[in-house]
Amino acid sequence: MATQLHDVRTRTRRLTEDLSTRQLMGPMLPIVNPVLWEIGHVGWFHEYWTLRHAHGEAPGLDRADVLWNSSTVAHATRWDLNLPDRNGVFAYMADVLGRQVGRLSGGVDAGTRYFYELSIRHEDMHVEALAYTRQTLGYARPDGLGHPADQNAGPWPGDASVSGGRWRLGSTGADGFIFDNEKWAHEVGIAPFRIAKAPVTNAEFAAFVRAGGYRNRQFWSAAGWAWREGTGAERPVYWLETDGGYGTWRRYQEVEPLAPHAPVMFVNWYEAEAWCRWAKRRLPTEAEWEAAALGEAAANGSCLADSKRRWPWGEAAPSSEHTNLGFAFDGPLDVAGCAAGDSAFGCRQMIGNVWEWTASDFVPLPGFAADPYEDYSRPWFNTRKVLRGGSWATSARIARPGYRNFFTPERNDVIAGFRTCAL
Ligand SMILES: [Fe+2]
């Protein structure tokens, strides 16, 4: 556990320590936090749930709750707080970490361990948010996070056929640390379907843009068209139009070539929906996504077996042969990469590279009850869409196949693409 705390903190530091004082505050936008606030909040979350809640310690900083409790400090006010300076925030975080490591050296029981696992995963989520915040704000590419992502594996076209049948959607007590919104696994019926072996690529998305997809109302839902009209979007948010084509994009603060066979990323749910309507495809439901990732055909091949794999490729822990997770690489690989990670049905990169939007609304599973961190899921039900699978910036702790990520459908700043099903 102490190793995990140090490991995730190294990433937080690599994503923040090189930023200037001005960059640590940044502009007020609804989709980002001030970085200086965000990392203090990460330290506060560790302290609140492990040292204070689980161990009963007193607060280490009197004002910590007033500054960093995300449930009570309204987003728009986070730029106006009297935060400690950079050295003060890093010192607070280091103090909390030092006290956690001291507690862990004495051993902790299972109930306490839960809160360490929670706060480590919370920092994992903010690490990914810091990575896409740097993209949103056009800051420099972070140093020392992942091997350069070579993009030469190429496309991986075609559909896989997935048997229908009964599927256990959700997680169980045997899955290790899980979040409240995954509880509990329950049976759903799935009709046989065909799903793409890989996510939609930049080249495939560019064909929609070139065909006038962003100007053609018929491909958009009412809400999607309202978003498109309101923003004036003509293409994915970071793409640059040069000579009538879409060969480049803004990556962090540089202009770089757009890799044709890498998955399209930084597209929102509306853009995914419009691409589908244009291509005569559809997004998978959560249950379909899980069955394609973790299911196996029954012995007679006619329906889904009762089995559910731990990972798409089986039981082995994730490696960079299976998946691009946790900054294995510093960006997405081509969709044909990571062949060793194929699912039983032949779907590639279900885990890692980019999050995948699903058709499903973020709703509670039957029997939902909130875990101690009550604001993790419950405030967000019914207003978000579910994403699955994790991105190159997601830790393997988070990107378990059962993990349900959720964002509002207009968010095009997260590391998300999509995979489609045949109609
Ligand atoms: Fe948070």
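Helix axes here are lines fitted to C-alpha atoms over the stretch in contact, and angles run from 0 to 180 degrees between N-to-C directions. Helices (H or I, at least four residues) and strands (E, at least two) are DSSP runs, numbered from the N terminus.

1. **Basis.** This is a predicted model, in which local features need pLDDT of at least 70, side-chain atom pairs count only at pLDDT 80 or more, and totals for chains, interfaces and linings use all residues. Residues are numbered from 1 along each chain as its sequence is written, and side-chain values use heavy atoms, with hydrogens and water left out.

2. **Helices 3 and 6.** The axes of helix 3 and helix 6 come within 9 Å and cross at roughly 175°. That makes helix 3 roughly antiparallel to helix 6 (an angle over 145 degrees). Contact means heavy atoms within 4.5 Å. On the helix 3 side, the residues include His 41, Phe 45 and Trp 49; helix 6 contributes, among them, Phe 115, His 122 and His 126. The residues of this contact divide into 13 nonpolar, nine polar and two charged. Ala, Val, Leu, Ile, Met, Phe, Trp, Tyr, Cys and Pro count as nonpolar, Asp, Glu, Lys and Arg as charged, and the others, Gly among them, as polar.

3. **Iron ion.** Which residues hold the protein donors of the iron ion? They are His 41, His 122 and His 126, each through NE2, lying 2.2 Å from the ion. Donors are N, O and S atoms within 2.8 Å of the metal (3.2 Å for Na, K and Ca); water is not among the atoms, so sites may look incomplete. Along the chain the spacing reads H-x80-H-x3-H. His 41 sits in helix 3 (residues 35-54) and His 122 in helix 6 (residues 110-137), so this pair, 81 residues apart, links distant parts of the chain.

4. **Burial.** His 41 is buried, at a relative accessible area of 2%. His 122 is buried too, at 6%. Buried means under 20% relative accessible area (1.4 Å probe, protein chains only).

5. **Helix 1.** Helix 1 (residues 2-16) also meets helix 3: their axes come within 11 Å and cross at roughly 170°. The two are therefore roughly antiparallel. Leu 5, Arg 9, Thr 12 and Thr 16 of helix 1 touch Val 35, Ile 39, Val 42 and His 46 of helix 3.

6. Four strands form an open, mixed sheet in the order 11-10-9-12. Strands pair if DSSP finds at least two bridges between them. Strand 11 (405-407) and strand 12 (416-418) stand at the edges, each with a single partner strand. Strand 9 (residues 355-361) pairs with strand 10 (residues 385-388) in the antiparallel sense over three bridges.

Conventions:
Buried means under 20% relative accessible area, exposed over 50%, partly exposed in between (1.4 Å probe, protein chains only). Angles under 35 degrees count as roughly parallel, over 145 as roughly antiparallel, 65 to 115 as roughly perpendicular and the rest as oblique.
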